[in-house]
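Biologist: I've got a new structure to look at and I'd like to go through it with you. Can we take it piece by piece?

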Amino acid sequence: MAMPDAISFLLNGELRRIERPAPERTVLDHLRLVERRTGTKEGCAEGDCGACTVVLGERSGDAVSYRAVNSCILFTTELDGKLLLTVEGLRDADGGLHPAQRALVEHHGSQCGYCTPGFVMTLFALHHAPEMTDEDSIHQALSGNLCRCTGYRPILAAARSVAGVGDDRFARMARELLGRLDGLRRAPGMATVIDGEYGRYDAPESLAALDRLLTAHPGAHLLAGGTDLGLLVTKQHRALGHVISLNRIPELSRIEASADALIVGAAANYTDILPRLENDWPSFAALIRRLGSWQIRNLGTMGGNVANASPIGDSPPALLALGAEAIIRSAGGERVLPLERFFLAYRRTALDAGEYLRALRIPRPAAGDFFRTYKVSKRFEQDISAVCGAFFLRFDDAGRVTLARIAYGGMAATPKRAVGAEAALAGRRFDAAAVDAAIAALADDFTPIDDFRASATYRRHVAGNLLRRALMERTAPETPTGVLAL
Amino acid sequence: MNIRIAASEAAAAATAPGQPVPRREDPILLTGRGRYSDDVRREGQLHAAMVRSRHAHGRILAIDTSAALAVPGVVAVLTGADLARAGLGGLRCQVQIPSRDGQGIRPTPRMALAEDRVRFVGDPLACVVAETGAAARDGTEAVQVEIEPLEALVRPRAALAPGAPRIWDEVPDNLALDFHFGDAARVAEAFAAARHVARLDLVNNRIVVNAMEPRAALAEYDTAAGRWTLHVGCQGVFGLRNQIARDILRVPPERVRILTGHVGGSFGMKASAYPEYVCLLHAAREFGRPVKWVDERSESFLSDQHGRDHEVRGELALDEEGRILALRIDVLANMGAYLATVGPLAPTQNVVKNVASLYRVPLLEVSSRCVLTNTTPVSAYRGAGRPESNYYMERLLDQAARETGLDRVEIRRRNHLRASEMPYRAASGQIYDSGDFPAVFARALDLADWQGFAARKAESARRGLLRGIGIGHYLEVTAPPTREMGGIRFEADGEVTIVTGTLDYGQGHWTPFAQVLADRLGLPFERIRLLQGDSDALIAGGGTGGSKSMMASGSAIVEAAARVIEQGREIAAHLLEAASADIEFAAGRFRIMGTDRSIGLLELAARLREGLDLPEGLPRTLDVRHVFEAAPSAFPNGCHVAEVEIDPETGEVRVVRYSAVNDFGTLINPMLVEGQVHGGVAQGLGQALMERTVHDAEGQLLSGSFMDYAMPRADSLPEIVQAHHPVPATTNPLGVKGCGEAGCAGSLPAIMNAVADALAERGVMHIDMPATPLRIWEALRAAR
Ligand SMILES: Cc1cc2nc3c(=O)[nH]c(=O)nc-3n(C[C@H](O)[C@H](O)[C@H](O)COP(=O)(O)OP(=O)(O)OC[C@H]3O[C@@H](n4cnc5c(N)ncnc54)[C@H](O)[C@@H]3O)c2cc1C
Ligand code: FES
Ligand code: FES
């Protein structure tokens with residue numbers, strides 16, 4: 001049977017089919033150059049500014065979920081089966097403005113108008129996010145859109161007026177949209193394979209199919225959210241050659257909770273993971289809520305964050321401190337590796353050829369366990385960290401530390417446990433003296449780098465301060481935000 | 001009948017000057033129908049991409065284009081030699097400023113593509129022209145450039161040091177302009193006699209402008225007509241056309257047309273002609289096809305002119321009562337590698353005009369050295385010397401207050417100029433026409449609840465946070481409105497077009513201009529269009545910059561409207577068979593006084609279009625092409641008050657309260673004015689707390705992406721409470737004062753004075769911009 005080598009999606013409600021899309025063609029380029037819909041703007045092509053924001057709609061239970069994403073780093077192949085909404089597609093049939101657009105007019109939320117289409121789309125997604133009506137959520141929703149003209153306050157006012165309202169024509173035609181989205185579904189077994197002049201793209205639908213593909217093509221790039229991979233294309237202009245998408249394999253997006261662990265599929269995105277972290281590790285959830293921006297969290301995955309193995313990734317320190325394990329899979333079967341053995345060297349992991357990360361297994365906390373993770377960066381929102389620290393402590397009845405796991409990002413070539421500091425805490429009460437001893441031990445654990453983001457001195461000092469902060473919160477608990485600006 | 005009149009009167013009232021009328025362009029921009037430079041495309045267009053220097057300073061030994069020419073799709077690779085052969089001229093600094101020695105500015109004759117030397121990282125070396133954007137980019141990677149590196153000079157002090165290499169052979173000591181203003185001897189006497197001298201060294205940090213729309217352009221050449229068209233975002237098509245025709249193409253201006261659609265922000269940066277445009281114009285003629293270029297953000301960090309970058313010593317001489325005797329400012333300004341279009345203006349004349357602000361300063365001395373370095377050229381950025389000057393003065397006053405024990409409020413009150421002193425001739429030579437500074441000040445303190453600060457500070461302290469409050473009192477001298485066109489065209493479709501040469505890049509000129517014209521001519525507001533981006537339509541045009549657009553175009557529209565009425569009156573008199581002296585014009589109609597015989601303006605326009613048999617000597621049209629002659633500057637002023645909270649553990653700082661009272665003279669559209677203040681405050685906050693431009697010793701830009709260069713995001717801004725205290729300007733018919741740059745002028749000092757106030761209790765004596773958490777944390781640690 002011939003494999004389909006085209007993808008289909010709905011562009012503002014109209015059916016689109018792209019034959020043999022180039023695997024690295026971004027949605028932004030497709031819209032502007034092929035569709036000639038120039039409403040969607042490019043401000044950076046790096047996921048930072050949100051001018052390119054579009055909304056993806058897909059079935060979620062009995063409703064259509066709408067998510068704001070950065071079209072500049074999203075590949076067109078990932079549109080398959082989805083509804084793509086752009087700023088041109090929101091108006092009513094009679095030309096009337098969408099409530100998100102109207103709110104921006106009324107509050108004078110647009111000046112030069114260049115960031116505006118992106119804000120319109122973010123506000124549209126916010127309009128359809130019933131759980132995001134509080135002030136903090138609204139700030140999170142706007143975290144991925146830059147504006148140089150307005151000073152934001154008018155946009156914020158507009159955002160407040162539309163958040164969670166969800167009563168537009170899209171809500172009224174939800175059933176119809178669901179029907180049309182269902183109509184785009186592929187018959188089982190019709191996995192997408194595109195082998196064209198620009199390279200090859202596969203979207204396998206099962207783990208077994210992925211195993212086979214990776215055995216045959218161990219050099220292919222795996223694509224989860226693409227928020228790291230996309231930059232290779234847009235920023236470094238790299239040709240990827242062969243891309244295998246992880247986004248059509250249901251097992252990989254699954255998040256399962258057992259009695260003793262949370263198992264996060266490697267291709268589950270942050271937005272879906274977040275509510276599952278809230279209960280067990282509020283501090284971890286608070287950190288993830290500030291990872292990247294709303295758009296980035298809608299695409300990016302924890303699996304990608306770990307596999308990317310950047311020394312300043314935000315989730316690895318927390319995962320290391322929580323004692324998470326990497327579930328690694330290949331055609332030969334599965335193996336489980338404690339995460340500290342996963343990161344080998346700068347951007348090098350323990351994955352062998354043909355292997356991939358299937359899931360992360362995060363042990364659930366026992367009663368009395370203490371966990372905190374913090375990130376220090378230039379700015380509260382949407383910024384990479386200079387230093388990220390995570391602290392897990394278990395105590396005996398007498399309040400002595402029986403288990404300490406401390407991990408940092410930004411302090412070494414890989415995210416790394418601070419074994420010396422851990423040892424300094426073991427068997428002691430978690431108090432100022434113990435923390436001082438642990439901080440002293442940090443000096444041997446790490447030799448951080450000096451760069452323009454932060455000096456080595458500052459990094460070392462802040463690493464210690466974060467541990468102090470953990471102590472402070474242990475003794476005087478309050479709700480931490482987890483992100484500090486540098 | 002009556003109801004209809006009532007309805008149209010109500011409509012007119014809703015759009016009258018003074019009303020917060022929503023913007024005409026919003027429905028276009030909000031639905032993605034804006035037309036920015038990158039949205040222009042032409043059949044058969046070629047694409048250009050630039051090869052840029054990776055060295056901050058070096059001698060070009062060879063540029064080998066052969067491999068690039070072999071890249072499929074590449075049509076040509078242009079180098080400086082090609083442009084020189086074509087006889088193209090260079091990019092000249094467009095201002096003239098006297099120097100201490102009377103010689104003026106030493107020019108830096110910049111060619112669009114470097115010929116023998118590269119002078120900053122990002123300096124264009126070659127331009128690849130290809131069938132597609134991707135091919136052009138591939139081509140740039142294949143161009144082999146051989147450069148012998150020379151010592152790079154990043155900071156002005158290093159560039160001035162004895163023995164430093166010359167960046168330009170023509171400019172000894174790398175000193176492009178040594179500027180001096182004032183009577184040094186008398187100022188020195190005043191300082192010698194002073195009871196107290198406050199002295200501060202301040203950094204006015206370099207800003208990457210980062211308009212959200214990257215620069216882009218498309219050039220076309222009409223071989224038959226011998227004419228170029230350049231589609232490009234700028235701040236005024238008339239001036240840019242003249243510069244390009246005169247300096248670069250060396251042809252009469254009629255042979256060049258500049259077309260500008262929507263502009264996605266500029267703040268001074270897009271006003272200039274840039275090297276890329278020269279390459280496109282050349283290539284369009286050479287290859288007979290349209291040529292397009294779009295910048296990428298990583299390149300725009302290097303290639304867009306930067307802003308600010310001055311190191312300043314300020315000194316204030318005071319008598320025993322805290323009254324100012326003299327002010328002395330010494331500026332070391334980093335101009336970058338080339339003198340940009342208006343580069344030397346900000347640190348020199350604009351400091352002179354603005355630094356004394358709204359205080360009585362009997363004696364003023366300003367010395368400025370404009371120094372060349374191996375960095376991106378520096379030009380105007382929102383305010384161009386105005387906000388910074390206010391910043392210096394306000395920081396000095398706080399410093400003086402702290403040192404003398406005088407209250408910060410009191411020292412300002414003692415030095416205020418009073419309303420009764422207007423018009424007032426300042427030491428700068430500027431004549432302030434109007435303003436009531438003590439009243440503005442009092443209202444600002446009230447609005448900010450200055451009295452309640454102590455309680456708020458105590459509350460912050462309970463949460464472990466340091467709290468500070470700061471005043472940013474300012475007066476800005478706007479750019480004087482230059483010759484500006486006031487064109488009014490009655491169109492066939494019954495609409496009326498305003499033609500003028502200012503050009504908005506986000507300000508929303510259409511709406512307030514239409515409000516003024518609708519009011520003057522009694523026209524329906526929604527029938528009025530604005531044409532601002534076509535140089536062919538203009539007979540004059542000063543462009544936008546220096547907060548002068550409403551003054552320049554507004555005045556031009558007012559005068560042009562009066563001419564429309566004069567012309568209309570004569571024609572109406574003929575039609576109504578009355579003497580023109582008996583015709584009155586009101587609410588859009590010409591009427592024989594005391595009768596009900598009348599004709600509406602639009603009706604008259606329609607009749608003229610249909611063809612009227614008019615006697616000799618009567619105007620044939622209502623259309624007007626008027627030119628408003630220059631007017632003096634205006635003096636917008638105000639007082640902003642900021643409150644910050646600082647976490648001493650991490651140095652994290654947040655602006656938690658912000659209020660602003662401004663005098664912008666008459667307000668045409670308060671909503672847009674407040675929007676300008678918001679935006680200006682945000683940019684000021686960015687400069688004060690976040691935006692840090694970092695070069696390494698070799699001149700590489702380290703903060704070269706949005707990830708590494710922190711711009712304010714939505715959560716960085718506090719609620720901004722605004723009030724107005726308008727005192728109409730007497731220098732223009734509308735009484736407006738200009739509001740575009742004031743937000744920066746108030747926010748830089750207000751925020752930094754608040755930060756300094758918060759840190760003072762911990763013994764921190766000094767803090768500079770940007771007051772990043774790292775810098776605050778280090779200052780706190782050092783003070784311990
Ligand atoms: C604007 C912006 C802001 C960002 N902010 C942050 C931030 O604050 N903190 C932070 O930590 N990161 C940040 N990132 C980086 C990025 O978003 C995260 O690392 C994200 O988690 C990556 O996930 P992804 O699914 O998008 O990865 P992808 O780009 O899809 O993949 C990343 C890498 O991992 C490989 N890979 C993916 N899945 C697997 C698998 N299952 N098995 C083996 N290999 C795999 C890919 O081949 C690729 O090499 C930011 C990125 C952008 C563009
Ligand atoms: S263009 Fe800036 S985020 Fe996509
Ligand atoms: S309106 Fe200009 S960038 Fe937002």
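This is a predicted model: local features need pLDDT of at least 70, side-chain atom pairs count only at pLDDT 80 or more; totals for chains, interfaces and linings use all residues.

Biologist: Over to chain A. What radius of gyration does chain A have?

Modeller: Chain A has 18 helices and 21 strands. For its 486 residues the globule rule gives 23 Å, and the chain comes out close to that, so it is as compact as a globular protein of that length. Its C-alpha trace spans about 70 × 55 × 40 Å along the principal axes. The radius of gyration is 23 Å.

Biologist: What percentage of the residues of chain A count as buried?

Modeller: To be called buried, a residue needs 20 or more other C-beta atoms within 10 Å of its own. Among contacts in chain A with a separation of 6 or more, 68% join residues 24 or more positions apart. Of the 486 residues, the buried share is 55%.

Biologist: Which element of chain A gives the most residues to the shell around ligand 1?

Modeller: There are 31 residues around ligand 1, and the closest include A:G47, A:A224 and A:N305. By class, the shell has 15 nonpolar, 13 polar and three charged residues. β8 (221-223), α9 (229-234), α13 (294-299), α14 (302-308) and β16 (356-363) of chain A each supply at least two of the shell residues. With five residues, the top giver is α14(A).

Biologist: From which domains of chain A does the shell draw at least three residues each?

Modeller: Chain A is divided into domain 1 (1-98 + 168-248), domain 2 (99-167), domain 3 (252-363) and domain 4 (370-485). The shell around ligand 1 takes at least three residues from each of domain 1 and domain 3.

Biologist: Which element makes up the largest share of the side of domain 1 of chain A that touches domain 3?

Modeller: The centres of these two domains of chain A are 23 Å apart, taken over C-alpha atoms. In the contact, 22 residues of domain 1 meet 23 residues of domain 3. On the domain 1 side, β4 (63-70) and α8 (207-216) of chain A each supply at least two residues. The largest share, five residues, is from α8(A).

Biologist: Last one: which element gives the most to the side of chain A that touches chain B?

Modeller: That contact takes 56 residues from chain A and 53 residues from chain B. Elements of chain A giving two or more residues include α2 (99-106), α5 (153-162) and α18 (456-475). By class, the chain A side has 29 nonpolar, 18 polar and nine charged residues. The one that gives the most, with four residues, is α5(A).

How values were computed: Residues are numbered from 1 along each chain as its sequence is written. Chains are lettered from A and ligands numbered from 1 in the order in which they are written. The radius of gyration is taken over C-alpha atoms; the globule rule is 2.2 Å times the number of residues to the power 0.38. A residue is buried if 20 or more other C-beta atoms lie within 10 Å of its own, exposed if 12 or fewer, and partly exposed in between; C-beta atoms are placed from the backbone. Two residues are in contact if their C-beta atoms, placed from the backbone, lie within 7 Å. A residue is near a molecule or strand if its C-beta atom, placed from the backbone, lies within 6 Å of it. Ala, Val, Leu, Ile, Met, Phe, Trp, Tyr, Cys and Pro count as nonpolar, Asp, Glu, Lys and Arg as charged, and the others, Gly among them, as polar. Domain bounds come from an automatic or database domain assignment.
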